[in-house]
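Colleague: I am new to this structure and would like to go through it with you, one question at a time. Could we begin with the helix?

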Amino acid sequence: MRLTSLIARQAGAAALLLAACTQTQPVQEVPVAAEIAPVVTGAFYEESGVEQVWSDENFDKLLATLKGLSSHGLNPEDYNLDTLEAVRGDAAERDRLATAAWLMAASHLLQGKLDPVSIEANWTIPARQDDIAARLARALETGEIAATLDALAPQQPVYQLMRTELAAQEAMEQEPIAAVEDGPALKPGMTGPRVAALRARLVQLGLLEDGAESDVFDEATKAAVETLQADQGLDIDGVAGASTLRALNRGTAERIAQLRVNLERWRWLPDTLGRRHLRANIAAFEVTAFEDGVAQRTHLTIVGKPYRRTPVFSDEIEYIIFNPWWETPDSLARADKLTIFQKDPGAVTRLGFQVLDRAGSVVDPAGIDWNALKASTFPYRLRQAPGPLNALGQVKIMFPNPHNVYLHDTPSRGLFAEQQRAFSSGCLRTQFPIDLAKWLLAETPGWDSAAVDAAVASGKETRADLAARVPVHILYLTTVSDGAGGVRYLDDIYDRDAAVLAALDAAPAPVAEAELAR
């Protein structure tokens, strides 16, 4: 029997073992050769006429490779190293468990250890696919055990950059940090033990001169805090609030954890996100346009508030509307606009809102007793006409989805001056969206730059359908390239990293004896 055919059968059989061992996505999503046997047993080897496929040399390479999976942020102990060492002298058992371990590692590198839907409920991006049985056969034939597994991991430069950074962080001496205890924001002029700890940590980071101990938040301390905030992409105010304290307290162990989390997130993504696509990183407050794998333009972005989070999902941009009416979501009409109109009924007309009943008929706002209305029984629809006060600004970029999330302009452009921009109700308010619209429409006949400018200048609602849909991926990545060969560590504004880290650190489910015997 040819080795490829044998491995295909062995891979299919070990898939049962793999499913019992790991918390990753179902193995059947990864295509293997058609000759899948129900289980690998001693009888199988007798039938095939092959006593073992893992030579001593390849088995030793496998153990070394599994130990090296820490370079990908994975835990080598998840791959049953102790058990593999223990069965070294049992050829049949060693073969079966070695194949299962290789397949588990292959699956984790190809698609991630975790099912992304278990972390991000709205996840819609398809997983990467490969014929891992064929890859295993080639690995055993060539002896390239490590290289074959590494080839299954993401090949994007940012993934490799984070692996390099992970190795550098792990090589650093993990000396204790002078952590600052959580508590109220520390401000200039304050004194006390937390201020003393703040100054000690700034000294440790090389941001404050190492001088006499002090518990006073003086001008030098303020300047050091501002330097840290600038480096970390935080609001530069010289106040050590929650985000600044998180950055201050991020030591080597925390950086390693953050890198591991984001390496896993990259394993959830396909090799290509589209020839032309948009990539929105919530944690970076940015939307970047890519073409043929190269970033073309980046737009500062305002994302959802922590209690109105922008969801993580993928979709396709279908059309763009210039000078849009804003169909106010019912939740916002009840929670936000009703309160405003109760305090100032004249704001309805002044802000350009139109009131409609549930039948769609326009209602005169002057005849409504706004203070008699309740949010729970609010009977109207609200829509805002195009104009300088329109909440969507001059353009909205549409990818219809159940979350009612899209990219749009904003009349509140001063907010782009802030470093941390979690101010929206879930949508992505984008700086210079007309320029972004022109990029999106570049391959759509009839919509050159002049046509876009004319549509905007008309002041009338105008729709432009893209000739070819452009994928848009809304992601949450808290470590990114700094553009100069290093890594930026971003603030985990939605506190999403902890769930990924906990799942990465969880031990795989034990292998049931029944699974081994079937």
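Modeller: Gladly; a word on the source comes with the reply.

Colleague: How far apart are the end C-alpha atoms of helix H5, residues 91-111?

Modeller: This is a predicted model, in which local features need pLDDT of at least 70, side-chain atom pairs count only at pLDDT 80 or more, and totals for chains, interfaces and linings use all residues. Residues are numbered from 1 along each chain as its sequence is written, and side-chain values use heavy atoms, with hydrogens and water left out. Helices (DSSP runs of H or I, at least four residues) and strands (E, at least two) are numbered from the N terminus, and the expected span of a helix is 1.5 Å times one less than its number of residues. The 21 residues of H5 should therefore span 30 Å, and this agrees with the distance between its end C-alpha atoms, which is 30 Å.

Colleague: How many of the residues of H5 are buried?

Modeller: Buried means under 20% relative accessible area, with exposed over 50% and partly exposed in between (1.4 Å probe, protein chains only). By that cut-off H5 is mostly covered, and the buried residues number 18 of its 21.

Colleague: Which residue of strand E9 is the bridge partner of Phe 322?

Modeller: Two strands pair if DSSP finds at least two bridges between them. Strand E4 (residues 313-322) and E9 run antiparallel and are joined by four bridges. In E9 (residues 395-398), Val 395 and Ile 397 point one way and Lys 396 and Met 398 the other way, and all are buried. The partner of Phe 322 there is Val 395.
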